[in-house]
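This report describes selected features of one protein model. It considers salt bridges, a pocket and a sheet in turn.

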Amino acid sequence: TASHAASGSNYRVTVLATDRFYNIQSATDTAVFVDTPDPYDVHPATVALSGGTTTFDVVFRTATSDPDVPRGPWFVRSATATSSILQEYQTGSVIVDAGQAVKLLVVSPGTSHEPGSSLGYTGTVSTQSAGSNFTVTVKVVDQYNNRNLTAPANIGLASNDPHDETRLLQAQSTTEGKAQFTGALLRTVNRAGDSLPAYSPQGWVISASTTAGTLYTPGFCAPVPTTGGQATRLMVLMPGEALDEGNVTTGGKNLANPPSTLRAGTTYTAIINATDDSYNVDTTTSVEVNLSFNPSEQMYDDPYATAPVTTNRLIAGTTTFDVVFFIGESTSTNGPKGTRILVSASTNAVSSVESSSVSVTFAAIGSTKLQILIPEEKIAPGKPPYDSGLSGGGNGLAAGGKDQSAGASNQSAG
């Protein structure tokens, strides 16, 4: 019959020097030791027999009870430390049970549970793709990371990804001390070895904690490196906006950085990025992108906006366009004008996108001039040319800033 021991507890064995018929040889003082095949055990130092006998307290650390990672059964072997005619001895099987459950162990993809070890796992964490599901296993373990099959727990996940979605997964109850989450997902790129971000430079850390019932010490996995996917869309950062990779809710933009209010006639730079579905920039993309204005032909778009260049090739997934908007409107009439730009790629694999709407105000004071509207002429803000006529305006089709669709009125003398 196999003997039982508890992980981390003393398992006392007695070593005897006997003759071939197992009679104690009390005059024997040979130095003896014991060991076990448990790679993480603690066995005492060699000692000399006293009166032909001695005892040893052996500590097994690796349980043999987890069906996921079969180990053992173990045994204890005794032998002499020096050359001796005493034959070594090996016990029968020792079944080692897990100790008291005290904490949670998180096993991430690429790693394997290693009971009895200080880390609790072995192997290298697999790099994950942002926005793709993977499986995380959580076990309730003793102080030596042995799964306790009788420890119930209700477990939830989280991570230090700033756009963490693992916390949205439904908490799970353990079955025989284990829970598996098949829908774990990280959103933000975090490449190992690039020193970014400073608080988690090797990848995102997934944590597990008990949400109800017995509270165990939370568990944390080794950092999970996360790469972005292939570009599927374009995004535009207007002046004032800031990139926030992984933020699906806001379309990859930081809400703390709204678009700036622009001045009519001033040159500004728009940044174009090619991103994956999680709004991480795909630095391998180098397709051409095209810029256009007035994308939806709505009243708040600027039909007179210009750009010196309207086609650029992405370099490492990004490029810029210089743009100039001309329509500015006072708040006393229709309010500040909002305008957008549209960017599209040379391949259908990357979808086009409109920018955020930006407000365009009057040009700076000092650039102002007078304008005369004769009957039936209407002001056309932003319409070129901007320096026509002797006084900067003029009549007829060449006049800037006027709607000529109705034509000038013919007035009778007197």
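Arg-71 is partly exposed in this predicted model, its relative accessible area being 26%. Its salt-bridge partner is Glu-114, with 3.1 Å between the closest N and O atoms. Because Arg-71 belongs to the loop between β5 and β6 and Glu-114 to the loop between β10 (111-113) and β11 (121-123), the pair ties together parts that are 43 residues apart in sequence. Glu-114, at 16% relative accessibility, counts as buried.

The structure holds 16 salt bridges in total. Among them is the contact between the side chains of Lys-139 and Asp-66, at 2.9 Å from N to O. Lys-139 lies in strand β13 (residues 134-141) and Asp-66 in the loop between β5 (53-59) and β6, so this pair ties together parts 73 residues apart in sequence. Lys-139 is buried at 3% relative accessibility, and Asp-66 is buried with a relative accessible area of 4%. Another salt bridge joins the side chains of Glu-241 and Lys-253, at 3.4 Å from N to O. Both Glu-241 and Lys-253 lie in the loop between β20 (233-237) and β21 (262-263), 12 residues apart. Glu-241 is buried, with a relative accessible area of 14%, and Lys-253 is likewise buried, with a relative accessible area of 14%. Salt bridges with shared partners also join Asp-66, Asp-68, Lys-139, Arg-147, Glu-176 and Lys-178 into one network.

| Salt bridge | N to O distance |
|---|---|
| Lys-139 and Asp-66 | 2.9 Å |
| Arg-71 and Glu-114 | 3.1 Å |
| Glu-241 and Lys-253 | 3.4 Å |

The second largest pocket has a volume of about 660 Å³. Its lining comprises 25 residues, of which Leu-16, Thr-18, Ser-78, Gln-87 and Tyr-89 lie nearest the centre. By class, this lining has 14 nonpolar, 7 polar and 4 charged residues. Strands β2 (10-16), β3 (31-35), β6 (77-80) and β7 (89-90) each supply at least two lining residues; β2 gives the most, with 5 residues.

Elsewhere, 4 strands form an open antiparallel sheet in the order β24-β23-β27-β28. β24 (311-313) and β28 (353-354) stand at the edges with a single partner strand each, so one side of each is left without a neighbour in the sheet. Strand β23 (residues 288-293) is joined to β27 (residues 341-345) by 5 bridges. Within this pairing, Val-289 stands opposite Ala-345 and Phe-293 opposite Ile-341. β27 and β28 pair over 2 bridges, with Leu-342 opposite Glu-354. The covered face of β27 consists of Ile-341, Val-343 and Ala-345, whereas Leu-342 and Ser-344 form the uncovered one.

Conventions: Residues numbered from 1 in each chain as written. Predicted model: local features only at pLDDT ≥ 70, side-chain atom pairs only at ≥ 80, totals over all residues. Heavy atoms only, no water. 1 Å grid on protein atoms, 1.4 Å probe; cavity = no way out; pocket = protein on both sides within 12 Å on 5 of 7 lines; lining within 4 Å. Points joined across faces, edges and corners; volume = space filled by probe spheres on them. Nonpolar A, V, L, I, M, F, W, Y, C, P; charged D, E, K, R; others polar. Pairing = 2+ DSSP bridges. Buried < 20%, exposed > 50% of the residue type's maximum accessible area, 1.4 Å probe, protein only. Salt bridge = Lys/Arg side-chain N within 4 Å of Asp/Glu carboxyl O.
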